Each structure stands twice: as C-alpha cells, then as structure tokens.
Amino acid sequence: MANGRGRSGGRGRGPSRPERGGRRSLFRRRKVCKFCADKIDDINYKDVKLLSGFVPERAKVLPRRISGTCATHQRKLRRAIMRARILALLPYLAD
Amino acid sequence: MSAPRTYELVYIIAPDATDEQVEAVHQQVESTVQRLGGTLEKTDNWGRRKLAYEINHHKEGIYVLEVISGSGELMKELDRRLKVMDEVIRHLIVRIDEEQRVVERTRARRQETQARRRVARGLPPEPQEGEPRRDGDEEGAESAEAEA
C-alpha cells in the first residue's frame with residue numbers, strides 16, 4: 001500500500017520540486033491502489049463490473065500513472081482484462 | 001501422481017442454439033471429464049449475454065462456466081473437442097488452483113498481521129462492529145514526502 005503511494009509521490013521530480021510539491025498537496029488527491037485499499041486479493045476476469053472501471057472509452061488498459069494501481073495489482077489486472085477480452089466480456093477496442 | 005489441478009472452463013454457445021443443444025454440449029463436456037478421470041465440481045449457466053464484440057457475426061452468446069478438477073491431458077482433450085464443436089463459438093480454460101492458493105495465503109497473512117498489530121496496541125485481535133477505520137500508515141507517507 002505504502003509502496004504505491006510512495007511511487008506516485010516520487011513522480012515529477014524536477015528543479016521546481018518544492019513549489020510543485022506544495023501545489024500538489026493542495027490540489028491533487030493522492031492516488032491509492034484501489035486493490036490494496038479495498039483489500040481485493042483476487043482480480044478475476046469474470047468480474048466485469050470491477051474491470052470495466054479500468055478500461056476507459058477507447059477500451060485500452062488504464063495506465064498505472066493515472067489509476068495509481070500498484071505494480072503487482074496492475075499486472076494482475078492486465079491479465080484479468082486480457083482474459084475477459086477473449087470471452088468478449090470486454091472489448092478489444094471501441095470507438 | 002501429482003495432485004489434481006483445478007481448472008475453470010467458460011464457453012460461449014451461439015445465441016440461436018436451443019436449450020437441448022446447450023444441454024448436449026454440457027453432456028459432452030461431462031462425459032469427457034468422467035472418461036479421463038476428472039470430476040466436474042460446478043456448473044453455472046450465466047445465460048444470454050451481449051458480447052463486447054461480434055464473434056462470427058453473433059452479437060449475443062450463451063455463457064456456461066464449468067469448474068473441473070483433473071489432469072492437464074484431460075483439459076487438452078476438452079480443448080480439442082470444444083474447438084471442433086460448431087455451437088461453441090468461443091471458449092477459455094484457465095487453471096485456478098495455484099492462484100486460489102496465493103489468494104488464501106495473502107488473506108491469511110494479512111489477518112495474522114492485523115491481529116498481531118491490534119494485540120500490540122492492546123485491542124482485541126478481531127475488529128469490533130462500528131469501529132472507525134484507521135489509516136495509520138497515511139501519516140508516514142506524508143512526512144516522507146515533506147522531507148524530499
């Protein structure tokens with residue numbers, strides 16, 4: 001849990017870091033891995049309701065930098081989405 | 001011999017198939033499983049569902065889930081048979097026993113650490129009804145970022 005948070009906090013390191021850090025804490029909500037926070041151990045390909053939250057309009061897998069999912073769970077999520085696509089539970093592409 | 005493995009099989013039957021045809025596919029699966037020394041643990045008919053994309057010009061499909069425990073050879077044979085069947089427009093076989101074990105282990109480990117930490121704080125090991133949720137690690141991450 002702390003891992004995912006630490007990583008999202010460590011992003012965007014640059015010369016103007018102190019200022020940006022301050023701005024971030026004001027405006028941007030800290031991203032938390034949904035699966036860690038909700039203690040979802042099993043990311044199942046049959047759970048379309050859960051998975052569809054991670055495939056935006058275009059039906060691509062939502063990247064980690066946006067969703068804040070930790071590496072472990074992003075990997076499991078990707079697997080589940082790919083399986084769901086085989087069974088036409090989720091689209092490969094949508095427009 | 002090694003312990004039997006657990007597999008999940010989901011197949012999609014063309015929407016124009018009759019109930020008898022659906023039943024016939026199920027019977028075939030069942031007989032194959034029995035013939036090759038496996039057991040059919042669960043069958044679940046999800047019914048008619050809209051497909052996310054067209055398969056062989058079908059827009060709908062009848063989904064059936066079967067949980068089977070048996071050998072790899074059995075699943076190979078099942079896979080071959082399902083490929084041949086005309087009514088089955090798509091199928092997927094996934095081995096689930098290993099993943100299930102991992103899930104159980106992480107769940108058990110989490111409960112254990114939770115109980116240990118609660119005892120260390122002088123609380124009963126199990127959370128009580130209506131107890132507020134604590135985010136103890138939230139502050140730690142905050143201060144780490146402030147330092148950076």
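Of the 148 residues of chain B, 18% count as buried, where buried means that 20 or more other C-beta atoms, placed from the backbone, lie within 10 Å of the residue's own. The model is predicted: local features need pLDDT of at least 70 and side-chain atom pairs count only at pLDDT 80 or more, while totals for chains, interfaces and linings use all residues. Residues are numbered from 1 along each chain as its sequence is written, and chains are lettered from A and ligands numbered from 1 in the order in which they are written.

Chain B has four helices and four strands. Helices here are DSSP runs of H or I with at least four residues, strands are runs of E with at least two, and both are numbered from the N terminus. Along the sequence, the pattern of chain B is β-α-β-β-α-β-α-α. Among the contacts in chain B with a separation of 6 or more, 77% are between residues 24 or more positions apart; a contact means that two C-beta atoms, placed from the backbone, lie within 7 Å.

The four strands form an open, antiparallel sheet in the order β2-β3-β1-β4 (chain B). Two strands count as paired if DSSP finds at least two bridges between them. At the edges are β2 (39-55) and β4 of chain B, each pairing on one side only. Neighbouring strands of this sheet are turned by 20° against each other on average, direction ignored; the axes behind such angles are lines fitted to C-alpha atoms.

Strand β1 of chain B covers residues 5-13. It is joined by nine bridges to β3(B), residues 58-70, in an antiparallel arrangement, and B:R5 stands opposite B:G70 in β3(B). Seven bridges join β1(B) to β4(B), residues 88-95, again antiparallel. Across this second pairing, B:L9 stands opposite B:I93, and B:E8 has B:V94 as its bridge partner. Seven of the nine residues of β1(B) are buried, so the strand is largely enclosed by the rest of the structure.

The largest nonpolar core has 36 residues. Such a core is a set of buried Ala, Val, Leu, Ile, Met, Phe, Trp, Tyr and Cys residues joined through C-beta atoms within 7 Å. Those with the most contacts inside this core are A:I81, A:A84, B:Y11, B:I12 and B:I13. At least two residues each come from α6 (71-86) of chain A and from β1, α1 (19-35), β3, α2 (72-84) and β4 of chain B. The largest share, six residues, is supplied by β1(B). Leaving aside residues up to four places away in sequence, B:Y11 touches B:V64, B:L82, B:V88, B:R90 and B:H91.

Note on methods. A residue is buried if 20 or more other C-beta atoms lie within 10 Å of its own, exposed if 12 or fewer, and partly exposed in between; C-beta atoms are placed from the backbone. Axes are lines fitted to C-alpha atoms, for helices over the stretch in contact, and angles run from 0 to 180 degrees between N-to-C directions.
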